[in-house]
Amino acid sequence: MCPPPQAWLGEGCSQTQLAAAHGSGAAETSDDDDRPAWDSKVQYVLAQVGFSVGLGNVWRFPYLCHQNGGGAFMLLYVFLLLIVGVPLFFMELAAGQSIRQGSIGVWKHISPNLAGIGYSSCIVCFYVALYYNVIIAWSLFYMGNSFQYPLPWERCPTDVATNDTVKECASSSPTSYFWFRKALDITNSIQESGEFNPVMTGCLLAAWAIVALAMIKGIKSSAKVMYFSSVFPYVVLFIFLIRGLMLDGAMEGIKYMFYPKLEIWGNLQVWRQAATQVFFALGLGYGSVIAYSSYNPVHNNCHRDALMVSCINFMTSVLATLVVFVVLGFRAKTIALGCVHALGTGWPWINSTDQSVVSVAEYRQWYAQHSSDLGPTITDCSLEEEMNKGVEGTGLAFIAFTEVMALFPASPFWSTLFFLMLLNLGLSTMFGTMQGILTPLMDNFKLLARYRTVLTVSSCLLGFILGLLFTQRSGNYFVAMFDDYSATLPLVIVVVFETTSVAWVYGTDRFLDDIEVMLKWRPPVVYKYLWKYVCLLAMVGLLAASLLRMVFKGPTYTAWNQTAASEMTLEYPGWALAMIIMLIILASSPVPIGYLHAKLRQRGSLDSHGEQGGGQEMHRELYTKCNSTELLDSRQQTPGEEEGAYPRTAFLPIGSEQYRLLPQQQEEEEEEEDTGV
């Protein structure tokens, strides 16, 4: 039972229940009367799915399966998804829906000491938005070039001076040449900056203009775009899957995908990669999940949403992986057959007069019997070897897939369809990323909320200006730097603090009480132990593994050497390492700075109370679950209180279930007003 209002300073009560006791719940407080809301549940689900399902599902997850044992990696991923991903995703959904604020307001509500977590999320979101929109710009460029027949990357161009094939293209492949020389016009290393790529600069401006126009009215405008951008990629993936299954080599690709190599479970790096993929696939730590859920009705079933979105996300990854492996199987079979026919010309092992009927299996059987008599230039034309040549990240989409689509009949149609799918996948994630920046700022700063349109356009304009870093000739190397280092460590740090805040600062029992008020039923108690121990230890372990890998392996990047016409791994120069460290520190620093700032304010408040002789002894009380009816009765018996004015309750851990109230300043600046329910 909760005490009367004047006694709240000495007793820990659930924040959501305090709001519920007022008779309206979090969704109907005066601060939220003008808060936007989703038009329908479908709109909200599409937004969450659109944000969590992104380009990583199409190229990162298939690549990890390709490199780490196929079916065995999938089983490991599902295991980590269930014990780490879903609980953390549910935690963010529940926190946003309960407190109805962006990431800054949510963590400030739990404790003023933790407001820095939200600011860190905003900075990381901005990092991601900067380079993610560059990938959208690349998709726009390729989609524009897809309206040609033949496709410009189908064959090597001719050198006008020598009337011969361009040497760089002949030494690599038409698709690699088009990507590195025509699209990026890339330098040999990150130290050679080069001039701006004017075409890519224009594409980047178009990408930011699309984002600004789609988000200019907040979720009301972006949600309408989601109906297309979130659904269309699934249509394209199913079309590609059906088309791919008709290709020669598709079954070989699927077998390669699902064949489990259980020995990889003993490799710690595979566990790290699986945990990282779970982490990024659900969009944890960005604040976007919190922002989207904050626009929900207070009694929305966020637990069901967490399970549904996580399941959709995983099934999308499986669907995309099927498509990728079917296409890679066809590519590997085509290359292997080409090898057989090229090497078989004039050799006596070909019994048939038609060389095209010689299969890869027949050739390899002959090769196994006569390999000792053959020279080093004769290879076994292994299909498995071609499948093992995995292409990571952008290379999978802009090199491997473009190579395959050039082999399709009506190749411009398939190419346009594919890059339109990438464009929509990128935009739906981009909307969520920007929402993770704009919502917390507008919730926490009233002035910005009054100028929503100006804030949105200004943010996109700033993103374009800073994004010019990625449109110079060495820009692709900076994209890799931001993708590999600027987001990973800060995001993991953010989620570690988020989990600690809910599990040990606010308290899992209290948090489950809040969820019970919202959902009208109590989630399973297993979440308490997952949040307090399993998730926290898993995230700390991931953070440690990422740091150790960075320290011992050293940051490297893959560069394209124009002379050799091939990729090579290089170490970052000193200034680039300093830039990586600066980006990580800048994104992580709001957490300790926010803690110190809150401590200084609390000390000032203590001094102020001491001078006035009004200081009171602080009590340590066991947390007790609030009874909303009794709280309402006690409140009605207490005269002189301003309607709706609740004292702020912010707790710090003292014991496993004990809390100490921090003194509250009577007046705060407008930008630091309490944004809690």
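This is a predicted model: local features need pLDDT of at least 70, side-chain atom pairs count only at pLDDT 80 or more; totals for chains, interfaces and linings use all residues.
Let's start with burial: a residue is called buried under 20% relative accessible area, exposed over 50%, and partly exposed in between, using a 1.4 Å probe and protein chains only.

Residues are numbered from 1 along each chain as its sequence is written, and side-chain values use heavy atoms, with hydrogens and water left out.

Now to the cysteines. A disulfide here is a pair of cysteine sulfur atoms within 2.5 Å, and the count comes to 1 disulfide. The partners are Cys-156 and Cys-169, with their sulfur atoms 1.9 Å apart. The torsion about their S-S bond is about -80°, so the disulfide is left-handed. This pair links distant parts of the chain, 13 residues apart: Cys-156 sits in the loop between α6 (115-145) and β1 (158-159), and Cys-169 in helix α7 (residues 167-171). Helices (H or I, at least four residues) and strands (E, at least two) are DSSP runs, numbered from the N terminus.

What about Cys-122? Cys-122 is in no disulfide, and the nearest cysteine sulfur, that of Cys-125, is 6.6 Å away. Cys-122 is also buried, with a relative accessible area of 8%.
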